[in-house]
Amino acid sequence: MEFFRIKKDIPFMRHAVLLNAISITAFVLAVFFLVTRGLNLSVEFTGGTVIEVAYEQPADLAAIRQVIAGLGYAEVPVQNFGTSRDVLMRLPLVEGQTSGQQSEIVLAALRAHDPSVELRRTEFVGPQVGRELAEDGLMALAFVILGIMVYLAFRFEWKYAVAAIVANLHDVIIVLGFFAFFQWEFSLAVLAAVLAVLGYSVNESVVIFDRIRETFRRQRKMSTREVIDHAITRTMSRTAITHGSTEVMVVSMLLFGGPTLFYFALALTIGILFGIYSSIFVASAMAMWLGVRREDLIKPTKKVEDPDDPNAGAAV
C-alpha cells in the first residue's frame, strides 16, 4: 500500500557529509553529558524503599504525589498497583533514615491527608540489587547489538552490519544523552524503551538495505550513490505509513499515559525520530563510504560447463 509515489529520486546522499557532521556533533554532545552529568537512575538501580498502600476508594494519584513531594521527594514514581485503590511508591534512599522510618513518615503524611489509607507492604531494595540490574541491563544491550550484527552479516554483508550498528548506537547514545542533559529519571521501563528503539531502528535499516539489494539487481547502470538514493526514495511512502502510525500510538502514551508511562513513551518518541534519520543518513551513508558494491550483495552465478562441448573452457 502506498499513500504517495515520488517519481524523481531525491538526492539524499548528496547531503550525507553535512548531515553526518551534525550527527557526530550530536553524538559527541550526548557522550559529554553522559560523562559529566550521568543518568538520573531510578530506585530500581540505586536502591530504596518500595511502599504499597491501599485506600477504601479509588486513589487520587495527583494528590498522593503532592503529599510525597511535600516530604522532600522529587519525581517519586506513584502508580496504581493491581486495582485503582492500590498504590505503589518507590522512594530513594535517604541518609540517616532506615527503610522502616521512611515508610512510617510517608504513611503518617498520607493518613493526615486520608485516614482510610492502609499499609500493605514495605520492601527495601539494596544498592547491590541495583548494581546487578544495571549490569544485567548493559549485558542485555550488548547481546542485542551482537545479535543484530550477526543477523545482518548473514543476511547482507559485513559492511551493512557495521553501518547498521553505528546507526543504532547513534540512536541509543543520543536518547541517553537527552536523559543525561535534562536529568530525566532513567528506570527499567526506559531501558526497555531503549532496547525497543534498537529493534525498531534496525528494522528500518533492513527495509532500506533490502531495497538497495533489489535496486542493484534491477538497475545495473546506476552508480552506488544513485542506487541508494533510489532505494530510499522508493521506501518513503512505507516509512510515512509505518512511522506515522507508530508515532500516533507513542505520542498518545506520552500525552495521556500519565507519569507511569511518560518517560517510557518519551524515550520511544526520541528514539523513533532519530531512528528514521539514522537509517537514511547514517546507515546508508556509512555503507556507501565502506565501499558497498553490487558484487557484495549479488553473487555471480557459476556457469556449469558441458564436458562434451569441444568449446568448453576456451577463451572468449
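Which residue forms a salt bridge with R213? The partner is D210, and their closest N and O atoms are 2.8 Å apart.

## Basis of the model

The model is predicted: local features need pLDDT of at least 70, side-chain atom pairs count only at pLDDT 80 or more, and totals for chains, interfaces and linings use all residues. Residues are numbered from 1 along each chain as its sequence is written, and side-chain values use heavy atoms, with hydrogens and water left out.

## The pair in helix α7

A salt bridge here is a side-chain nitrogen of Lys or Arg within 4 Å of a carboxyl oxygen of Asp or Glu. Searching the whole structure gives eight salt bridges, and the one between R213 and D210 is among them. Both residues sit in helix α7 (residues 188-218), three residues apart, which means that about one helical turn separates them. Helices (H or I, at least four residues) and strands (E, at least two) are DSSP runs, numbered from the N terminus.

The two partners fall into separate accessibility classes: buried means under 20% relative accessible area, exposed over 50%, and partly exposed in between (1.4 Å probe, protein chains only). R213 counts as buried at 16%, whereas D210 is partly exposed at 24%.

## The network around R121

Side chains of opposite charge can pair when their charged atoms come close. A network of salt bridges links E52, R121 and E123. Between E52 and R121, the closest N and O atoms are 2.6 Å apart. E52 belongs to strand β2 (residues 48-54) and R121 to strand β5 (residues 118-125), so this pair ties together parts that are 69 residues apart in sequence. R121 also meets E123 in a salt bridge, at 2.8 Å from N to O.

Where do these side chains stand in terms of accessibility? E52 is buried, with 8% relative accessibility. R121 is partly exposed, its relative accessible area being 27%, and E123 is partly exposed at 40%.

## Backbone at Q183

Most residues other than glycine have a negative phi. Q183 is not a glycine, yet its phi is positive, at about 55°. This residue lies in the loop between α6 (158-182) and β6 (185-186). Q183 is partly exposed, with a relative accessible area of 27%.
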